[in-house]
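Trainee: Hi, could you walk me through this one? I'd like to get my bearings before I start.
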Amino acid sequence: SGLRVASETIARLGIGHGIPAFMIMPYRGSFGDKDWWAIPSGDTLEPMLDALKVQYEIVNREEDIIPAIKGAWEVLHVSKKHVAVIIGSRLAQ
């Protein structure tokens, strides 16, 4: 839900001003999430990231978190665009 709330600011920073953001967020609302209120987050996460032109990686194994963060940091510096590391639902809960 934070992504939906921050979408205007993210768009202005990245698309409007070329100021990239580095985001780490949980993938809430996917299969196995026990909170009913998280379902809209799961439905909208990837479409919102795509609309905001955020390159992202979904991490589902604990050992892949650090390599994903390092890779996202490299992409941010090379591309000067937003990046996100999404912690898969099984790791985030």
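Mentor: Happy to. Helices (H or I, at least four residues) and strands (E, at least two) are DSSP runs, numbered from the N terminus. This is a predicted model, where local features need pLDDT of at least 70 and side-chain atom pairs count only at pLDDT 80 or more, while totals for chains, interfaces and linings use all residues. Residues are numbered from 1 along each chain as its sequence is written, and side-chain values use heavy atoms, with hydrogens and water left out.

Trainee: Okay, then where does Ser41 lie?
Mentor: Ser41 is part of helix H2, residues 39-51.

Trainee: And is Ser41 buried or exposed?
Mentor: Ser41 is buried, as its relative accessible area is 12%. Buried means under 20% relative accessible area, exposed over 50%, and partly exposed in between, using a 1.4 Å probe and protein chains only.

Trainee: Which side chain makes a polar contact with Ser41?
Mentor: That of Arg4, at 3.4 Å. A polar contact is a pair of N or O atoms within 3.5 Å; within protein, one must be able to donate a hydrogen and the other to accept it, and residues adjacent in sequence count only if both atoms are side-chain atoms.

Trainee: How do H1 and H2 pack?
Mentor: Helix H1 (residues 2-16) packs with H2 at an angle of about 30 degrees, and their axes are 9 Å apart. Axes are lines fitted to C-alpha atoms, for helices over the stretch in contact, and angles run from 0 to 180 degrees between N-to-C directions. Leu3, Arg4 and Ser7 of H1 meet a set of H2 residues, including Pro40, Ser41 and Thr44.

Trainee: Switching to the sheet: what is the order of its strands?
Mentor: The order is S1-S3-S2, in an open sheet of 3 strands with parallel pairing. S1 and S2 are at the edges with a single partner strand each, so one side of each has no neighbour in the sheet. The average twist from one strand to the next is 15 degrees. H2 packs on the sheet and touches S1, S2 and S3, with its direction at about 155 degrees to that of S2. Contact here means heavy atoms within 4.5 Å.

Trainee: How many bridges join S1 to S3?
Mentor: 5 bridges join S1 (residues 22-26) to S3, and S2 (residues 55-59) also pairs with S3 over 5 bridges. Two strands pair if DSSP finds at least two bridges between them. Val83 is the bridge partner in S3 of Phe22, and of Gln55 as well. From S2 the chain crosses through helix H3 (residues 65-79) to S3 in a right-handed β-α-β crossover; with the strands pointing away from the viewer, the path from the first strand over the helix to the second runs clockwise.

Trainee: How many residues of S3 are buried?
Mentor: In S3 (residues 83-87), 5 of its 5 residues are buried. Val83, Val85 and Ile87 point one way, and Ala84 and Ile86 the other.

Trainee: Last topic, the loop between H2 and S2. What is the phi of Lys53?
Mentor: Lys53 has a positive phi of about 60 degrees, although it is not a glycine. Lys53 is exposed, at 59% relative accessibility. Val54 belongs to that loop too, but Val54 is buried at 5%. Beyond its neighbours within four places in sequence, Val54 is in contact with Met23, Leu49, His82, Val83 and Ala84.
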